[in-house]
Amino acid sequence: MKGGVSSYTLPPAKRRWRGLVIAVLGLVLLSMLVPLVFLLGLHNGFHSTSGGYATERQNSAPGAIRIYDQQSRSNNGNHSEGGRSKHIDDLVKKLGPTLPKDFRRDSVKPAENRSIGSPVRNELPKPAVKTNNTRTGVMGEVTQSVLQNTSVGGRGKVGVTGEVATNMKVDDDSEKSCELKFGSYCLWRQEHKEKMDDSMVKKMKDQLYVARAYYPSIAKIPTLDKLSHDMKQNIQEFERVLSETATDKDLPPQIGKKLQKMEAVIGKAKSCPVDCNNVDKKLRQLVDLTEDEANFHMKQSAFLYQLAVQTMPKGLHCLSMRLTVEYFKSPLDMEQSLTEKYLNPDLHHYVIFSKNILASSAVINSTAMHATENSNQVFHVLTDTQNYFAMKLWFFRNTYKEALVQVLNIEDLNLNDNDNKATLSLPEEFRVSFRTVDNLARVQIRTEYMSVFSHSHYLLPKIFQSLKKVIVLGDDIIVQQDLSHLWSIDMDGKVNGAVQFCAVKLGELKKYFGENRFDENSCAWMSGLNIVDLVRWREQDITGYYQKLVQERLSGEEGSFEGATLRASLLAFQGQVYALDDTLVLSGLGHDFGLDVQAIQKAAVLHFNGNMKPWLELGIPRYKVYWRKFVNRENLILSDCNVNP
């Protein structure tokens with residue numbers, strides 16, 4: 001003791017225990033505070049989408065997709081879209097068509113208001129009717145068209161963009177307007193639309209909208225605190241119920257009493273002296289938000305549909321990988337000495353461009369099965385390096401009666417084309433939409449689906465220099481009759497024997513062809529089944545003319561390769577198309593749900609053009625049976641890869 005001050009200190013062991021106790025208490029306190037802070041943040045970040053409380057802050061309900069910011073929308077006359085919708089648009093654009101800007105520049109007037117449900121002006125400026133774009137037989141009507149590249153399972157790009165004119169009254173149904181913008185997705189959606197028993201749910205939503213519209217005005221009146229409190233409770237209760245149910249059968253019991261209670265609250269609100277302009281403004285905001293949310297979900301669904309039809313199914317990918325691995329493990333000599341038959345011009349040569357093993361196999365199998373003579377049939381399958389070895393092994397193991405199958409890797413062929421390696425491109429498929437405006441400003445929408453040759457098809461004369469004639473088959477067709485008679489057709493010196501597609505006249509597409517001369521009354525033609533006279537092709541230099549047309553477009557300011565090849569494909573065979581019998585090929589099995597069964601059974605060739613290919617899960621079920629019967633589903637490797645088309 002010095003100076004009366006104690007010098008006593010705790011022993012070292014007790015000091016250590018005190019430190020441990022403080023640390024434990026601190027951890028316990030943190031373990032209580034952290035969940036509390038998290039719950040408070042979760043509550044503030046995921047508040048219910050009332051849209052009608054005093055703060056008027058628009059947030060998303062738990063698990064929902066956030067829609068657009070309400071405050072920014074009120075300051076934007078055009079109702080610009082929010083983040084997530086923009087994200088979907090960006091994804092769509094990345095997978096979208098690469099057509100040049102001038103393809104759509106003059107075809108359709110862009111919408112000023114991008115909301116699907118925005119008001120449409122009834123007045124229409126009187127159009128300047130021109131002779132070359134007026135539909136025959138309809139006075140005073142103007143035809144406008146939009147060309148869009150569609151996606152095909154495992155090929156091409158995805159095209160789901162579109163433009164809508166707001167200065168016309170659409171006299172057609174909403175599905176036609178949807179098809180103009182989103183293509184065959186709308187056909188698929190309409191076919192798979194489920195009928196829902198949700199009349200009570202719709203009534204609840206209607207009451208909820210009205211209550212949300214009145215609530216901000218009621219909440220500002222101090223004398224109506226009780227009504228404001230009751231209205232807020234009812235709004236929250238309706239939001240909770242609607243977040244957990246979509247049909248009437250899922251509604252909780254006593255829902256009738258809740259509806260009556262809400263009706264009574266709304267009735268009291270309507271009897272109160274509130275500013276009708278504020279209620280009207282709030283209701284319009286809610287309608288716009290709902291329309292934007294529906295628009296977002298439509299775009300999202302269309303994007304997912306396009307992604308599904310573009311992606312190669314997992315089973316087919318497995319099949320290709322398994323065959324490739326087994327090819328390099330196999331000690332068999334697959335290089336058979338059949339070169340003479342492959343190059344013999346006296347035989348019947350069929351050419352197929354494909355990356356799909358099962359699809360090309362079904363084409364060959366159906367053609368060989370219906371042929372009266374197989375010993376003179378030679379099939380040439382042109383593919384890329386990625387699928388070459390798998391196809392090589394598949395067609396070595398599988399036989400198609402006496403027909404021969406040659407697999408060629410187009411990337412390894414020496415075509416002397418400026419030392420550039422050729423790349424495989426499959427037939428291009430496009431959606432063409434026509435909008436006809438009559439004198440009463442009514443719009444009729446018509447959408448057609450067509451397919452044309454790709455860049456690879458114009459290499460045929462170089463690939464098969466010793467052959468005189470070939471029949472080009474698409475990998476999305478099925479043959480139901482003998483095609484031997486096609487070899488004896490006299491095409492009167494024409495180069496391309498094809499089925500004409502007179503639903504699309506070249507005159508209707510005049511604006512896309514620039515100053516090139518062509519017959520406006522001539523029909524477009526379809527790929528899928530084409531008789532090609534290679535001798536006349538070389539004499540007419542179709543390939544050179546095609547490449548010239550491509551280069552002319554690419555030299556323009558807004559040229560793109562895909563848009564240039566489309567124009568060139570439609571113009572290259574002007575005057576060189578021999579029209580085959582229209583009943584020979586039935587097209588549309590990849591997009592048209594309404595084809596006649598008798599017409600399908602009578603057709604010699606079925607063409608599954610469109611997005612819904614038969615090997616995809618999204619393929620039209622009633623048409624798949626015609627394709628499935630030419631696939632050997634008992635093949636062991638198909639079972640191992642779970643391929644069940």
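How many cavities of 30 Å³ or more does a search of the whole structure find?

1. The search finds four such cavities, a cavity being a set of points on a 1 Å grid over the protein atoms alone where a 1.4 Å probe fits but cannot get out. This is a predicted model, in which local features need pLDDT of at least 70 and side-chain atom pairs count only at pLDDT 80 or more, while totals for chains, interfaces and linings use all residues. Residues are numbered from 1 along each chain as its sequence is written, and side-chain values use heavy atoms, with hydrogens and water left out.

2. Two disulfides are found in the whole structure, each defined as a pair of cysteine sulfur atoms within 2.5 Å. One of them joins Cys318 to Cys641, with an S to S distance of 2.2 Å, and this link is left-handed, with -65° about the S-S bond. Because Cys318 lies in helix α11 (residues 314-329) and Cys641 in the segment after α21 (636-640), the pair ties together parts that are 323 residues apart in sequence. Helices are DSSP runs of H or I with at least four residues, and strands are runs of E with at least two, numbered from the N terminus.

3. The other disulfide joins Cys502 to Cys523, at 2.0 Å from S to S, and is right-handed, with 95° about the S-S bond. Cys502 belongs to strand β11 (residues 500-505) and Cys523 to strand β12 (residues 523-525), so this pair ties together parts that are 21 residues apart in sequence.

4. Cys502 is partly exposed at 40% relative accessible area, whereas Cys523 is buried at 14%; buried means under 20%, exposed over 50% and partly exposed in between, with a 1.4 Å probe and protein chains only.

Technical notes:
1 Å grid on protein atoms, 1.4 Å probe; cavity = no way out; pocket = protein on both sides within 12 Å on 5 of 7 lines; lining within 4 Å. Points joined across faces, edges and corners; volume = space filled by probe spheres on them.
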